[in-house]
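Me: I would like to go through this structure and ask what stands behind the words used for it. Please set each value against its cut-off.

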Amino acid sequence: MTTDTARTALRTRIHDLDALRAIALLGILVVNITFAATGFSMNVTDPAYDSWLDDAVRWLNSTFFGMKFYLLFSFMFGYSFILQTQAAARAGAAFKPRMARRLLGLFALGAVNMVFLISGDILTVYALLGAILLAMRGVRDRTALIVAASLYGYLLLSMGSSILFLDTSSYFDHASQVAAAQESAANLAGGFGSVVHEHIAILPLYSLSQLTMQGPTTLAMFLLGMVAARRGVLVGLTGRESWLRIVQLVGFPVGIVGGAVYASIGANGNTLGVLVSAMTAPFLAAAYAATLIRIVHSVRGRWLGSTLAPAGRMALSNYLGQSVATLLIFTGVGFGLVGQVSPLEMMLFAFAIFAGQVVISRWWLERHGHGPAEWLLRWFTNAERPAWRKRVGC
């Protein structure tokens, strides 16, 4: 690698990959904070917060955040998968056992997260689907794209059939869902044992969601990210590429209309809405990514890339940190604010937590080469203890 190419790769990582990870983390937090701050989700609204402002915030959340940012995060996982293969090759290490250890470490961290810290988790899902990606690492780009398209075809067929032929009204009985949500909120307001019990109790429903919708879309994004990394899509960008504008011109109208339909007809409580969102959310996620890339490569927007990059470099630590923060703020383990904050206040909490992480991440990386969770996972992955403190002059 020439000196200019190395500098370009480094700049691309800072301004593109890490900034994208950071924005994806913020979007995921805006959605996930609901599961810590209240027993109610997008399926049914809390009767205590039913004003026009509460409804408007929920609508905006579903339209612009719901089902979008985990797709971007998943795409980045697939992209980073190829970067991991390149890192293993540079180190002269066998990639398969190295990645297998990494996935095992992710699964362990995810298991701790979803049992002790927050309802639901993406790390365990990434670890399991990452094993499929590992098995498919040798497939051609065309095959990977066909499989990704087939996964979305499966969703269209399965969910479309459900809409046409199954009566799902009993699954979304409002009274029973309100009662269940109130029970969840009571459990989250209790002590640590009560919180853990609630996290475990939600696992069957969460697993069903992964099998039926989020799992297939996540794997599809893994594959798209893998193909994009092979082709160097995010390498050497200037922000002036015509395809970025095309992604925006197509992605925003398709994604926003789909998100608005999803939000307007009941979000996760309506199968048709979920299907519409599943089909259109990738367009909005891509438009977000294209917009951020163009901004961070502009003269006025470079500061944003530099500001966000440290949080993206510590994506794993910050993801787990978000779980810790919401546990301490909302559940009975900490301040016990569960059920006492409005949808707008939840969103403000999410942005405040993320802003704190941006500041802490920059401070941390000035002194350390990796985030704490990244350091631990790197040690487990490479079977070699990395340096804890940053070396002088590095």
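This is a predicted model: local features need pLDDT of at least 70, side-chain atom pairs count only at pLDDT 80 or more; totals for chains, interfaces and linings use all residues.

Me: How many helices and strands does the protein have?
Reply: The secondary structure comes to 15 helices and zero strands.

Me: Why is the protein called as compact as a globular protein of its length?
Reply: The globule rule gives 21 Å for 394 residues, and the radius of gyration of the protein is 21 Å, so the protein is as compact as a globular protein of that length. Along the principal axes, the C-alpha atoms fill a box of roughly 65 × 45 × 45 Å. Buried residues make up 49% of the 394 residues. Of the contacts with a separation of 6 or more, 79% are between residues 24 or more positions apart.

Me: What makes the pair of Y126 and F222 edge-to-face?
Reply: A pair needs ring centres within 6.5 Å, and edge-to-face needs planes over 60 degrees apart. The ring centres of Y126 and F222 are 5.1 Å apart and the planes are at 75 degrees, so the pair is edge-to-face. Y126 belongs to helix α5 (residues 123-135) and F222 to helix α9 (residues 203-230), so the pair ties together parts that are 96 residues apart in sequence. Both Y126 and F222 are buried. A search of the whole structure finds 15 aromatic pairs.

Me: Why do W364 and W388 count as an edge-to-face pair?
Reply: Their ring centres lie 5.5 Å apart and their planes are at 85 degrees, so this pair is edge-to-face. W364 is in helix α14 (residues 343-365) and W388 is in the segment after α15 (372-382), so the pair ties together parts that are 24 residues apart in sequence. W364 and W388 also belong to one aromatic cluster with W363, W375 and W379.

Me: How do you know that the charged end of R385 sits over the ring of W379?
Reply: The cut-off for the distance to the ring centre is 6 Å, and the charge must also be within 35 degrees of the ring normal. The charged end of R385 is 5.7 Å from the centre of the W379 ring, and it sits over that ring.

Me: What makes R21 and D18 a salt bridge?
Reply: The nitrogen and the carboxyl oxygen must be within 4 Å. The closest N and O atoms of R21 and D18 are 2.7 Å apart, and the two residues form a salt bridge. R21 and D18 are three residues apart in helix α1 (residues 3-37), so they are separated by about one helical turn. R21 has a relative accessible area of 14%, so R21 is buried. D18, at 0%, is buried as well.

Me: Which parts does the salt bridge of D141 and R230 tie together?
Reply: In this salt bridge the closest N and O atoms are 2.7 Å apart. D141 lies in helix α6 (residues 141-165) and R230 in helix α9, so the pair ties together parts that are 89 residues apart in sequence. D141 has a relative accessibility of 16%, so D141 counts as buried. R230 has 29%, so R230 is partly exposed. D141 and R230 are linked with R231 in a network of salt bridges.

Me: How do you know that E366 and R367 form a salt bridge?
Reply: Their closest N and O atoms are 3.4 Å apart, and the cut-off is 4 Å. R367 counts as partly exposed, because its relative accessibility is 29%. The count of salt bridges comes to five.

Me: How does the reach of helix α4 compare with the expected value?
Reply: Helix α4 (residues 95-117) has 23 residues and reaches 31 Å from its first C-alpha to its last, close to the expected 33 Å. Its buried residues include F95, R98, M99 and L103. Among the elements that cover the buried residues of α4 are α3 (69-91), α5 and α9.

Me: Why does S207 count as partly exposed?
Reply: S207 has 37% relative accessibility, so S207 counts as partly exposed. S207 is in helix α9. The C-alpha atoms of S207 and V125 are separated by 9.3 Å, and the two residues are 82 residues apart along the chain.

Conventions: Residues are numbered from 1 along each chain as its sequence is written. Side-chain values use heavy atoms; hydrogens and water are left out. Rings of Phe, Tyr and Trp (its six-membered ring) pair if their centres lie within 6.5 Å; planes under 30 degrees apart count as stacked, over 60 as edge-to-face and the rest as tilted. Helices (H or I, at least four residues) and strands (E, at least two) are DSSP runs, numbered from the N terminus. Buried means under 20% relative accessible area, exposed over 50%, partly exposed in between (1.4 Å probe, protein chains only). The expected span of a helix is 1.5 Å times one less than its number of residues. Contact means heavy atoms within 4.5 Å. A salt bridge is a side-chain nitrogen of Lys or Arg within 4 Å of a carboxyl oxygen of Asp or Glu. The radius of gyration is taken over C-alpha atoms; the globule rule is 2.2 Å times the number of residues to the power 0.38.
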